[in-house]
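Please walk me through the structure shown here, from helix packing to the backbone details.

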Amino acid sequence: MKRVRWLLPLLLVGLVAPFAVAQVKRQRPVTDDPALEQRLHKLSQNLRCLVCQNETLADSQADLAEDLRDEIREQMKAGKSDQEIISFLTARYGQFILYKPQVTPTTYLLWFGPFVLLLAGLAVLFHYIKQRRDLIPEKPLTADERRRAEEMLRADSRKETA
Amino acid sequence: MLRYLIPLGIFLVMVVFLAIGLGRDPREVPSPLINKAAPTFRLPQLQEPSKTFSAEDMRGKVWVLNVWASWCVSCRDEHPLLMEYAKSGAVPIYGLNWKDKRDDALAWLAEFGNPYVLNAADLDGRVAIDYGVYGAPETYLIDQSGVIRFKQIGPLTPDVWQQKFLPLVQQLNREGAGR
């Protein structure tokens, strides 16, 4: 039993170590300008990595993502604005690289489709409720029904006070 | 009756949408470069680094630019087809060797054969960015005036070659001859 006690931590270290090594290996030298790195990070978080399409360009470790980050870094150093860099990228890779596509006729459906569906849903709901209301006609109570209802209510309130 | 038909209708609409959506290849991103001028570049040649190759050199010709690398597995699958198409002489095939090592690329060509008229070596991948390359192999068809007319993302297939490339090549050559 005593031997097992140090075996477990050792096993855990053994499990984690390869990942730590992998993590270190992936680190790449970046520029020593923290402001630029931050700007790059902010911009590339809204850009899609085209290799692993559900990852942002900021997070991706793909080779192409590294290249594109280098490209953006250089353009930033050359004094290009974010907008200029985005148009550089969309001219080559299309709107698909943007996580937030621009509003153009081709993306109208994407941008406004959900609202159209919502309005359609509301219209259907409204129509349905109106129809239901028409199905249940309101009839005034007859004298006999009114008397019975009052009797029931009286019996109810007596029970409560008791 | 209607209360059964409405869910069934919604279900069928969803089936149709999912069938279309799942049948598509998400890797195939439509290129904004189609029908635009091919980006210019001047790169050293792979076999003779002292010489250069430029897209401008190809003005007046219909040609194919194939992006490949020795580390690219799909390029290996595609390679026999390229050899066959190069032999057919339908259209000259040029290579853009993408982010490769020169020795690896030369060894690859020596081992599997060389379908390319010549290769441009894009060792740091900057030209590939201009061409919107995001996964090799990619193949461009460029016309006499240097306009990209078609782009195949991923390996060429006999279908794509027969139905897209060859008809376009023939059409472009006809138009070119008439001019």
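Axes are lines fitted to C-alpha atoms, for helices over the stretch in contact, and angles run from 0 to 180 degrees between N-to-C directions. Helices (H or I, at least four residues) and strands (E, at least two) are DSSP runs, numbered from the N terminus. This is a predicted model, in which local features need pLDDT of at least 70, side-chain atom pairs count only at pLDDT 80 or more, and totals for chains, interfaces and linings use all residues. Residues are numbered from 1 along each chain as its sequence is written, and chains are lettered from A and ligands numbered from 1 in the order in which they are written.

In chain A, helix H2 (residues 34–44) packs against helix H3 (residues 63–77) at about 125°, with the axes 10 Å apart. H2(A) and H3(A) are therefore oblique (angles under 35 degrees are roughly parallel, over 145 roughly antiparallel, 65 to 115 roughly perpendicular, the rest oblique).

Chain B has two residues other than glycine with positive phi: B:Asn35, near 65°, and B:Lys99, near 45°. A residue is buried if 20 or more other C-beta atoms, placed from the backbone, lie within 10 Å of its own, exposed if 12 or fewer, and partly exposed in between. B:Asn35 has 11 such atoms and is exposed; B:Lys99 has 20 and is buried. B:Lys99 sits in the loop between strand E4 (93–98) and helix H3 (102–112) of chain B.

A cis peptide bond, with omega about -10°, joins B:Ala136 and B:Pro137. B:Pro137 belongs to the loop between helix H4 (126–130) and strand E6 (138–142) of chain B.
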